[in-house]
Amino acid sequence: MAFFRSVAALSKIRSRLAQQSSSLGSIRWLQIQTASDLDLRAQLKDLIPEQQERLKKLKSEHGKVQLGNITVDMVIGGMRGMTGLLWETSLLDPDEGIRFRGLSIPECQKMLPSAIQGGEPLPEGLLWLLLTGKVPSQEQADALSKELHSRSKIPDHVYKAIDALPVTAHPMTQFTTGIMALQVESEFQKAYDKGMPKAKFWEPTYEDSMNLIARVPVVASYVYRRIYKDGKVIPADDSLDYGANFSHMLGFDDPKMLELMRLYVTIHSDHEGGNVSAHTAHLVASALSDPFLSFAAALNGLAGPLHGLANQEVLLWIKSVVGECGENITTDQLKDYVWKTLNSGKVVPGFGHGVLRKTDPRYTCQREFALKHLPDDPLFQLVSKLYEVVPPILTELGKVKNPWPNVDAHSGVLLNYFGLSEARYYTVLFGVSRSIGIGSQLVWDRALGLALERPKSVTMEWLENYCKKAA
Ligand code: NMX
Ligand code: MLT
């Protein structure tokens with residue numbers, strides 16, 4: 001805490017000097033990186049007032065501009081295509097895929113700091129980007145890495161809460177229980193109970209979000225080691241970055257696996273605001289529930305098979321294909337298997353999307369990773385074959401809006417290759433990553449004073465009457 005107080009003081013001196021700089025001429029030493037440049041909270045404090053003004057202006061000048069028509073189909077059909085949320089950290093284009101604060105995945109791979117030259121982005125670099133909209137320097141990402149380590153201590157009762165569950169409980173149930181137990185230490189709840197002005201809400205939210213992001217890998221790896229490795233916990237290694245340390249605590253130290261985890265955590269972090277997990281967090285947080293409560297709610301949505309559980313389903317499905325037909329399956333056999341799945345009333349996991357209408361760029365970058373590091377892996381080759389076989393079949397069905405693969409179609413075979421083969425655990429990895437996007441946006445939700453979410457619902461009778469009158 002003393003460090004952060006002195007950093008904040010330095011930041012103030014620096015901004016005062018910066019204000020004087022026009023009268024002093026150019027002060028070159030001011031450009032040298034100072035402690036406040038490395039302090040994410042100080043950076044946010046500078047950024048928030050201008051973004052608050054921006055939103056105020058948007059509301060007063062354009063508040064009544066229409067964004068489209070709401071149709072009955074949209075009301076019945078899961079609000080698809082209905083613009084109804086403000087989410088600053090990322091934006092999804094149906095054809096191009098996700099952009100994090102304006103940067104595509106290949107741009108993030110080029111521009112964000114990495115652990116090795118030309119390597120995969122550091123998730124802490126992405127966290128900085130999502131929170132500030134700025135690409136951090138290597139020093140800023142490293143400082144954030146250290147800050148996350150310093151926040152990662154877990155109180156004992158969290159382990160006890162998880163241990164109260166049967167070891168056979170689904171990993172997502174154990175993980176979410178751990179997150180709920182972390183909530184006991186919420187700074188937001190403490191500050192709210194004492195009373196604080198609305199303008200200050202973002203500050204304890206920032207503390208909670210950063211603590212949450214710092215602590216989720218510890219909870220997640222505890223769950224993994226408890227279920228699959230006889231409870232033999234591996235302590236954190238403070239010299240490692242966020243993704244690498246997570247992989248290390250799970251028990252995987254192959255340098256390629258560390259790179260995979262950095263990539264994995266980066267690309268799963270955020271997918272604009274309308275997906276089930278992000279939207280749930282945003283909704284729950286709009287009631288001023290703290291980030292732990294909001295994120296735990298999000299995880300319960302992520303645990304559904306149409307959302308985050310699909311990564312588990314994909315690997316189990318691929319393994320069932322191999323189990324039934326062997327690794328050297330022919331294209332015709334694979335087609336038959338896909339039809340058998342569909343005819344049994346199931347979806348083909350890893351294909352389709354609520355918004356995307358082309359191959360998910362998160363799939364593409366994982367495919368590139370596989371081509372570089374495991375081109376001969378038989379399961380990767382099967383995934384490649386599915387890329388050819390599944391889309392024409394889903395198109396033939398005639399109702400699927402997007403026959404192309406999504407992020408979940410690929411992640412399992414990569415993890416499996418490096419030894420993380422327990423498919424039931426995969427959604428927990430997705431959850432760890434999503435804490436970064438959700439945690440970042442929740443800070444902005446409170447900084448911008450976003451409203452309680454409360455859309456209007458109607459009955460079928462109301463719709464019928466409305467449509468009769470409109471006809
Ligand atoms: N396999 C079989 N049927 C499908 C698939 C698929 N992969 N994708 C869509 N459909 C069906 C869908 O079930 C619906 O059928 P019905 O009208 O009988 O209910 C019809 O096609 C129209 O659905 P769409 O409008 O194309 O898709 P929607 O936006 O409703 O749902 C998903 C999107 C992602 C839920 C859907 O594509 C799906 O179930 N995919 C498989 C599960 C999956 O991979 N989920 C992960 C998504 C990414 N994530 O991480 O969250
Ligand atoms: C996600 O990453 O949240 C999924 O792709 C689902 C979505 O965007 O709706």
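Helices (H or I, at least four residues) and strands (E, at least two) are taken as DSSP runs, numbered from the N terminus. On that basis the protein chain of this predicted model contains 21 helices and 2 strands.

The overall dimensions of the protein chain were examined next. A compact globule of 471 residues would have a radius of gyration near 23 Å, and the protein chain, at 23 Å, agrees with that expectation. The C-alpha trace extends over about 75 × 65 × 50 Å along its principal axes. Of the 471 residues, 51% are buried. Among contacts with a separation of 6 or more, 76% are between residues 24 or more positions apart. The accessible surface of the protein chain amounts to about 22600 Å², and carbon and sulfur atoms contribute 55% of that area. Charged side chains number 51 positive and 52 negative, with a distance of 5 Å between the centres of the two sets.

Backbone geometry was considered at two positions. Most residues other than glycine have a negative phi. Met-79 has a positive phi, near 60°. This residue is in the loop that runs between helix 3 (72–76) and strand 1 (90–93). The relative accessible area of Met-79 is 41%; because this value falls between the 20% and 50% cut-offs, Met-79 is classed as partly exposed. Leu-288 likewise has a positive phi, near 65°, and is located in the loop between helix 13 (276–286) and helix 14 (291–302). With a relative accessible area of 26%, Leu-288 also falls between the two cut-offs and is therefore partly exposed.

The relative accessibility of His-282 is 8%, which is under the 20% cut-off, so the residue counts as buried. The side chain of His-282 forms a polar contact of 2.8 Å with the side chain of Asp-445. When neighbours within four places in sequence are left aside, the contacts of His-282 comprise Leu-85, Leu-86 and Trp-87, together with Leu-442, Asp-445, Leu-450 and Glu-453.

Notes:
Residues are numbered from 1 along each chain as its sequence is written. Chains are lettered from A and ligands numbered from 1 in the order in which they are written. This is a predicted model: local features need pLDDT of at least 70, side-chain atom pairs count only at pLDDT 80 or more; totals for chains, interfaces and linings use all residues. Side-chain values use heavy atoms; hydrogens and water are left out. The radius of gyration is taken over C-alpha atoms; the globule rule is 2.2 Å times the number of residues to the power 0.38. Buried means under 20% relative accessible area, exposed over 50%, partly exposed in between (1.4 Å probe, protein chains only). Contact means heavy atoms within 4.5 Å. Accessible areas come from the Shrake-Rupley method with a 1.4 Å probe; for residues, only the protein chains shown count as cover. Lys and Arg count as positive and Asp and Glu as negative; His and the chain ends are not counted. The place of a charge is taken as NZ of Lys, CZ of Arg, CG of Asp or CD of Glu. A polar contact is a pair of N or O atoms within 3.5 Å; within protein, one must be able to donate a hydrogen and the other to accept it, and residues adjacent in sequence count only if both atoms are side-chain atoms.
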